[in-house]
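Dear colleague,

Please find below the structure for your review. My notes on what was found in it follow directly after.

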Amino acid sequence: MNSKNIFRIVLAIIGGEIALIIFATIAQEVLFDGISYNSSPISEIALGGLATFIAAILAGIVARLIIRNKINTVPWGITVLVTVEMTYLILTGKTGDPIWFDILAGASLIIGIWLGFNYPRFLSKSRVTSVKEHSH
């Protein structure tokens, strides 16, 4: 792997993480005035959780657009960053939410990143065509 590829991988990880921070902030702090298990109504938790999941999907798409091909190092890198951040927040008690709530939130971010990063797989016409051909 040459230095240009390494640079693009690092750039995609950083760009995806920055996009995740921006989109999740919009989803949780702008659309809703913060989401908390202890103080938010269940409707805000559900809608805020959905908006945050969509934010993660969008961040995965941003990372994929930066790298322009499927190099799984990128979503793995973002997964590590999300895991480290969630672990830090849980261990330091910064969220004030139950641990299971924080773990589910982190898991939804990770799943959203992977789904967004692999968006071409879900939009590929050739994949749909090949599935139809094999079913006959």
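Phe101 counts as buried, because its relative accessibility is 15% and the limit for burial is under 20%. Please note that the model is a predicted one. Tyr37, at 37% relative accessibility, counts as partly exposed.

The structure holds 4 aromatic pairs. In one of them, the ring centres of Tyr37 and Phe101 lie 5.4 Å apart with the planes at 50 degrees, so this pair is classed as tilted. Distant parts of the chain are linked by the pair, since Tyr37 belongs to the loop between H1 and H2 and Phe101 to helix H4, 64 residues apart. Ring pairs also bring in Trp100, giving a cluster of Tyr37, Trp100 and Phe101.

Another aromatic pair is formed by Trp76 and Trp114; it is edge-to-face, with 5.2 Å from centre to centre and 80 degrees between the planes. Trp76 is in helix H3 and Trp114 in helix H4, so the pair ties together parts 38 residues apart in sequence. Trp76 counts as exposed, because its relative accessibility is 52% and the limit for that class is over 50%. Trp114, with a relative accessible area of 22%, is partly exposed.

A charged side chain also meets an aromatic ring: Arg64 lies over the face of Phe117, at 5.1 Å from the ring centre.

When neighbours within four places in sequence are left aside, Ile78 is in contact with Ala12, Ile13, Gly16, Glu17, Ala63 and Ile113.

One of these partners, Glu17, deserves a separate remark. Glu17 lies in helix H1 and is buried, yet has no salt bridge. Its nearest side chain of opposite charge is that of Lys94, 16 Å away. Apart from neighbours within four places in sequence, the contacts of Glu17 are Ile78, Leu81, Val82 and Glu85.

Yours sincerely

Notes: Residues are numbered from 1 along each chain as its sequence is written. This is a predicted model: local features need pLDDT of at least 70, side-chain atom pairs count only at pLDDT 80 or more; totals for chains, interfaces and linings use all residues. Side-chain values use heavy atoms; hydrogens and water are left out. Contact means heavy atoms within 4.5 Å. Rings of Phe, Tyr and Trp (its six-membered ring) pair if their centres lie within 6.5 Å; planes under 30 degrees apart count as stacked, over 60 as edge-to-face and the rest as tilted. Helices (H or I, at least four residues) and strands (E, at least two) are DSSP runs, numbered from the N terminus. Buried means under 20% relative accessible area, exposed over 50%, partly exposed in between (1.4 Å probe, protein chains only). A charge sits over a ring if NZ of Lys or CZ of Arg is within 6 Å of the ring centre and within 35 degrees of the ring normal. Lys and Arg count as positive and Asp and Glu as negative; His and the chain ends are not counted. A salt bridge is a side-chain nitrogen of Lys or Arg within 4 Å of a carboxyl oxygen of Asp or Glu.
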